[in-house]
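Welcome, and please load the model in your viewer. We will go from one selection to the next and look at what is there.

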Amino acid sequence: MLLRCAGSSSEGNCYSLTDSSGQVLLIEAGVSHGKLCRFIHWNITNVVGCIVTHHHMDHVASASRLRMKGVKTYLPFELDEHRKEVVFGNFKIKSFPLTNSMNKFVHTNGDGTECPIFGFLIEHDEMGKMVYITDCEYCRYTFRKLKVNHILIGVNYQKEYTSLDEAKFGHVVTGHMSEDTALEFIKANDTDALQNVIACHLSEESCNADKLLGNLQNAVSAGVNVQIAVPGIETELYKDCPFG
């Protein structure tokens, strides 16, 4: 299974999973339609589906165009059901609401109101289980018993790089995940099955990618691959460790 990245910032988020048969699952559609088409090599017939976490344009921008072209989309924030399983080709996807104990969503709109947002548990025979969460202050669920193999997680800011004087400070810390919170989530789900941790959606102004990478590597067990998602990155995902 190949994980690729077309965009991973406030300018647009989009990732893909491609299995050995050529089936492609898009995760987010927040880049321009032209960029997305180039990303999938103009072969939309291989795209079995697209899943989107929330309605902000850096995640959903091209979803409607995909629908027009006949691509199946799963946008759980448009549905009444919080927990639902969908199957796109060889991929099985379960969504879960990123809410707090009071059932309030832990992401916000620009005006401070709640933004309905969902995480995904993605399963495929070739890669096992992957958890994807982004744009949330925290996730109240743990997946340790499921022994997830891969974690794709939005780590938006580090406190030491976030100035209290910034006009957008409130938006940065409200509804987005700090490095400390991300490390707690990763440690809680670090089992002998975990193979990859990929940090995504970093803030250019409020996060030092090199320092974050080092802190993540120090937090996980030996042998776990840690990466920062940037456009062009390609990572092989396996169900079982390829080295035995």
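Start by selecting helix α5, residues 179-188, in this predicted model. Colour E179, A182, L183, F185 and I186: these are the buried residues of the helix. Now look down the axis of α5: the buried residues fall within an arc of 165°, so they line one face of the helix.

Next, go to Q227, which you will find in strand β12, residues 225-228. Display its side chain together with that of N225, and you can trace a polar contact of 3.0 Å between the two. Then bring up the residues that Q227 touches beyond four places away in sequence: V197, I198 and A199, along with L213, I233 and T235.

The last stop is the cysteines. How many disulfides does a search of the whole structure find? The search finds 0. Select C115, which is in no disulfide, and draw a distance to the nearest cysteine sulfur: that of C136, 11 Å away. C115 has 0% relative accessibility, so this residue counts as buried.

Now move to C139, whose closest cysteine sulfur is also in C136. Here the sulfurs are 6.3 Å apart, which is too far for a bond, given that a disulfide needs the two sulfur atoms within 2.5 Å. C139 counts as buried too, because its relative accessibility is 13% and the cut-off for buried is under 20%.

Terms used
Residues numbered from 1 in each chain as written. Predicted model: local features only at pLDDT ≥ 70, side-chain atom pairs only at ≥ 80, totals over all residues. Heavy atoms only, no water. Buried < 20%, exposed > 50% of the residue type's maximum accessible area, 1.4 Å probe, protein only. Helix = DSSP H or I, 4+ residues; strand = E, 2+ residues; numbered from the N terminus. Arc of directions from axis to C-beta. Polar contact = N/O pair within 3.5 Å; in protein donor to acceptor, adjacent residues only side chain to side chain. Contact = heavy atoms within 4.5 Å.
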